[in-house]
Amino acid sequence: MSANLLILGGTTEASALARTVAERGLTATFSYAGRVNSPRPQPIPHRVGGFGGVEGLAAYLRDHNISHVIDATHPFAAQMSWNAYHACTQTGVPLVALTRPPWQARDGDDWTHVPDMARAVAAVAGAPKRVMLALGKLHMEDFAAQPDNHYVLRLVDQPETPPTLPHHTVTVARGPFTIEGDTALFRAQGIELVVCKNAGGAGAEAKLHAARDLGLPVVMIDRPDLPPRDEVATVDGVFTWIDAH
Ligand SMILES: NC(=O)c1ccc[n+]([C@@H]2O[C@H](COP(=O)([O-])OP(=O)(O)OC[C@H]3O[C@@H](n4cnc5c(N)ncnc54)[C@H](OP(=O)(O)O)[C@@H]3O)[C@@H](O)[C@H]2O)c1
């Protein structure tokens, strides 16, 4: 049977994988959740939207004769990753995750690690300050529980309805970001604290360099629990894994 891949995407790494898949002429479909208004175009066919939980994904795998699933979602997209794990276990379709190691604090970093979003919200309590929320749109409203801070929100799209945070600035931008750009943004916005997820990878790392250079503290949200699947760290590793499965 020739390979018919399903790539669960939404990351820089997933797009890099799609480019190589296209160059190699493999049959594959790229799947987007549909969270952003205009997803990056891909050089392979794509689909958009949820599958309908584990059962929906299992049915998709069967109906489309998928031979391999490559989970190249963001490390915080835990629901999708667990669904992929259960659907692949159910259907017997081999699953691999294209992952990136978490960021590690270096000399000069001032990070407070928190296990989840609720603790991140608690960590911005105290005297009002200007906080960079590099978290995407899903959780920004959680910070309404600490309404005295001024929040700078970096989002891929302009929000359709204004955030309910009493004091905020929206900046619309899509990664990958640069150290110069992030340093300039933090300076211009008078940022005093950065809140982010431990995504790992290069595309969003610039903010950590900028925070270090400016001596800013960072609230680092640690990764959620992810399923016990095969993992590779490079696009080449995906092809080696496919050859073995
Ligand atoms: N979470 C982040 O910080 C973050 C950052 C950058 C990019 N992203 C990307 O944004 C997307 C959504 O992230 P999330 O954290 O909202 O995910 P999530 O909470 O794990 O997923 C929620 C639901 O969205 C659907 N979904 C998620 N990823 C999908 C995909 N690639 N293709 C089709 N359906 C998908 C699934 O719906 P059904 O159950 O109906 O199948 C899933 O159960 C992911 O593709 C992820 O790679 C996330």
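Start by selecting Arg35: one of its polar side-chain atoms sits 2.8 Å from an oxygen atom of the ligand. Keep in mind as you click around that this is a predicted model.

Stay with the ligand and bring up Ser31. An N or O atom in the Ser31 side chain is 2.7 Å from a nitrogen atom of the ligand.

Next, pick Asn83. A polar atom of the Asn83 side chain is 3.2 Å from a ligand oxygen atom.

Select residues 53–63, which are helix α2, and residues 78–91, which are helix α3; their axes come within 8 Å and cross at roughly 50°. The two helices are therefore oblique to each other, and the crossing is right-handed. On the α2 side, show Gly53, Val54, Glu55, Leu57, Ala58, Leu61 and Arg62; on the α3 side, show Met80, Asn83, Ala84, His86, Ala87, Cys88, Gln90 and Thr91. Colour them by class and you get eight nonpolar, five polar and two charged residues.

Last stop: helix α1 (residues 12–23) and helix α7 (residues 235–244). Their axes come within 9 Å and cross at roughly 60°, so α1 and α7 are oblique to each other. This crossing is right-handed. Zoom in on Glu13, Ala16, Leu17, Thr20 and Val21 of α1, which meet Val235, Val238 and Phe239 of α7. Coloured by class, this contact has six nonpolar residues, one polar and one charged.

Note on methods:
Residues are numbered from 1 along each chain as its sequence is written. This is a predicted model: local features need pLDDT of at least 70, side-chain atom pairs count only at pLDDT 80 or more; totals for chains, interfaces and linings use all residues. Side-chain values use heavy atoms; hydrogens and water are left out. Axes are lines fitted to C-alpha atoms, for helices over the stretch in contact, and angles run from 0 to 180 degrees between N-to-C directions. Helices (H or I, at least four residues) and strands (E, at least two) are DSSP runs, numbered from the N terminus. Angles under 35 degrees count as roughly parallel, over 145 as roughly antiparallel, 65 to 115 as roughly perpendicular and the rest as oblique. A crossing is left-handed if the near helix is turned anticlockwise from the far one by less than a right angle, and right-handed if clockwise. Contact means heavy atoms within 4.5 Å. Ala, Val, Leu, Ile, Met, Phe, Trp, Tyr, Cys and Pro count as nonpolar, Asp, Glu, Lys and Arg as charged, and the others, Gly among them, as polar. A polar contact is a pair of N or O atoms within 3.5 Å; within protein, one must be able to donate a hydrogen and the other to accept it, and residues adjacent in sequence count only if both atoms are side-chain atoms.
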